[in-house]
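Subject: Structure handover

Hello,

Here is the structure for you to look through. My notes on it follow below.

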Amino acid sequence: MPKGSILVVDDEAEIREGLEALLTSESFDVTLAETGAAGLQRLEDRPFDLMLLDVSLPDRNGLDMLREIRLRDPHLSIILITAYGSIDMARAAFKSGAQDYITKPWSNDELIAQISLAIEGRRLREENVQLKRALKQRYNFPNIAGKSEKMLAVLDLVAQVAPSRSTVLISGESGTGKELIAKAIHAASSRADKAFIPINTGSIPVDLLESQLFGHLKGAFTSAIASKKGLFEVADQGTIFFDEISTISPETQAKLLRVIQEREFMRLGGTETIKVDVRILAASNEDLRQLVREGRFREDLFHRLNVISIHLPPLRERKEDIPLLIGRFLGQFCRENGKPLRVFTQGAMKVAMDYDWPGNVRELENAVERAVVLSNDPTMDADLLPESVRTSEIAKGVRLELSEFLPPAPGESGHRAAEPAPTLFEILEEVERRILIEMLERTKGNQTEAAELLQIPLSTLNQKIKRLGVETRRRSGAGRVAPSTGGESTEILPGK
Ligand SMILES: Nc1ncnc2c1ncn2[C@@H]1O[C@H](COP(=O)(O)OP(=O)(O)OP(=O)(O)O)[C@@H](O)[C@H]1O
Ligand SMILES: [Mg+2]
């Protein structure tokens with residue numbers, strides 16, 4: 001099967017034929033066109049994955065042609081062929097929607113790499129569009145990326161509860177998208193054109209929070225020099241989103257309960273009851289049920305809030321969403337930073353997939369933004385990911401050959417046949433010892449860092465080092481770690 005279909009538009013026969021030979025030998029399906037007009041005609045005839053376009057065609061200006069093609073097929077990947085590389089040219093090309101450009105004469109390897117990348121980029125963009133379309137058909141949540149079963153179940157629930165005015169409690173670890181979901185509920189409700197007011201209760205002192213929520217009359221407290229409307233009044237007919245609801249004080253909990261039950265409240269220092277129609281959404285990354293058990297959160301308020309609960313699973317439980325989120329964030333941050341679209345290499349994608357993302361989508365979003373800002377090439381390798389993401393990969397990268405540790409199979413004669421076979425306990429100790437040696441090697445003997453990589457307390461690491469007889473001699477310069485049995489090799493540790 002061809003790796004992709006490529007249309008080559010160039011007026012020089014030598015270049016056309018050279019490219020045809022090269023691309024065909026790399027299993028691409030190649031079509032040639034001599035003029036801009038012929039190129040456009042080929043595009044009408046059939047779809048292509050990629051176009052190699054000479055910018056200086058006799059019958060057309062390459063950049064004008066680019067724009068024309070973009071109108072017909074916004075997703076076609078285009079690589080421009082220029083006679084000379086100039087920054088202005090490149091800038092103009094990116095602006096008119098080219099993915100990349102090459103300068104004559106080029107290196108074939110580089111060209112093939114660029115082409116493969118651009119075709120992959122197109123596939124991702126199309127997949128993204130299709131997914132968006134599929135989601136849109138089900139619901140319209142343009143800001144939420146997700147195709148995992150767990151995320152689709154969340155969206156099902158959002159679509160179901162949005163039209164009602166029920167209170168919804170959104171739970172999930174930090175950075176899983178709780179506020180995003182709250183906004184989606186508001187946007188999909190009949191209140192969409194009214195206010196959505198998020199309030200982070202954790203960051204506001206009690207008195208101030210109450211005055212913000214309920215408003216106050218002049219003189220209600222020392223600094224109340226004028227009367228002020230509270231957010232409940234401002235949000236009338238709209239939605240209020242309580243972020244970190246677990247942090248509100250017992251007094252405020254009682255007042256909030258009253259608003260939810262009676263749909264009325266009083267301003268601080270006031271006597272008049274004010275009626276409002278506000279939908280309440282709340283989020284917490286703490287287990288409210290547990291707080292209720294501990295007597296730190298009112299049970300009645302919990303039940304009022306928890307009429308409907310939506311739990312956002314952590315990113316590590318829906319890893320199939322990672323590439324989609326990365327694609328989304330790459331598009332966003334490349335646009336914001338005025339850079340042409342970048343893609344992750346397979347290596348970088350693998351590191352991202354292997355990592356557990358304790359900070360969830362927010363951590364991933366920040367990592368992609370950082371990578372885009374730091375990147376100079378259209379492909380972004382794992383070295384652009386934050387160290388914390390990469391080092392956890394290092395810790396996983398210890399490869400052990402199991403067969404080395406296993407006793408020979410019955411009948412198999414080996415040099416170890418004469419020795420007694422090791423017990424499972426001995427095998428596990430050996431594995432542990434090797435991992436410690438490897439980690440100390442990688443951290444150049446820094447035990448604190450090694451303990452961090454292995455996610456064990458430093459004291460535990462020290463005990464293990466002693467018990468397993470791993471010597472942590474720091475050599476000057478190389479800083480290598482040698483096993484206690486001595487010798488130059490740090491790879492293989494002789495059995496005790
Ligand atoms: N499914 C998603 N698709 C696209 N962007 C997402 C998704 N989930 C989260 N994000 C983005 O990740 C960031 C964190 O999301 P959000 O603020 O909603 O998380 P949170 O659960 O409220 O976090 P915290 O508990 O720290 O307040 C935001 O920039 C949000 O837009
Ligand atoms: Mg939040």
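Setting aside neighbours within four places in sequence, N360 is in contact with E173, S174, G175, T176, P314 and L315. Please keep in mind that this is a predicted model.

N360 is placed in helix α15. Is N360 buried or exposed? N360 counts as buried because its relative accessible area is 0%, and the cut-off for buried is under 20%. Two polar contacts involve the side chain of N360. One is with the side chain of E173, at 3.1 Å. In the other, a polar atom of the N360 side chain lies 3.4 Å from the backbone oxygen of P358.

Next, the ligand. Ligand 1 is surrounded by 17 residues, and the closest are A145, G175, K178, R362 and E365. By class, this shell has six nonpolar, six polar and five charged residues. Domain 2 (149-312) and domain 3 (316-390) each supply at least three residues to the shell around ligand 1.

Which residues make polar contacts with ligand 1? Among them is E365, where an N or O atom of the side chain is 2.6 Å from an oxygen atom of ligand 1. For A145, a backbone N or O atom lies 2.8 Å from a nitrogen atom of the ligand. A polar backbone atom of T176 is 3.3 Å from an oxygen atom of ligand 1.

Ligand 1 taken alone exposes 630 Å², and the protein buries 84% of that. The elements giving two or more residues to the shell are α7 (178-187), α13 (322-336) and α15 (360-374).

Regards

Notes:
Residues are numbered from 1 along each chain as its sequence is written. Chains are lettered from A and ligands numbered from 1 in the order in which they are written. This is a predicted model: local features need pLDDT of at least 70, side-chain atom pairs count only at pLDDT 80 or more; totals for chains, interfaces and linings use all residues. Side-chain values use heavy atoms; hydrogens and water are left out. A residue is near a molecule or strand if one of its heavy atoms lies within 4 Å of it. A polar contact is a pair of N or O atoms within 3.5 Å; within protein, one must be able to donate a hydrogen and the other to accept it, and residues adjacent in sequence count only if both atoms are side-chain atoms. Accessible areas come from the Shrake-Rupley method with a 1.4 Å probe; for residues, only the protein chains shown count as cover. Helices (H or I, at least four residues) and strands (E, at least two) are DSSP runs, numbered from the N terminus. Ala, Val, Leu, Ile, Met, Phe, Trp, Tyr, Cys and Pro count as nonpolar, Asp, Glu, Lys and Arg as charged, and the others, Gly among them, as polar. Domain bounds come from an automatic or database domain assignment. Buried means under 20% relative accessible area, exposed over 50%, partly exposed in between (1.4 Å probe, protein chains only). Contact means heavy atoms within 4.5 Å.
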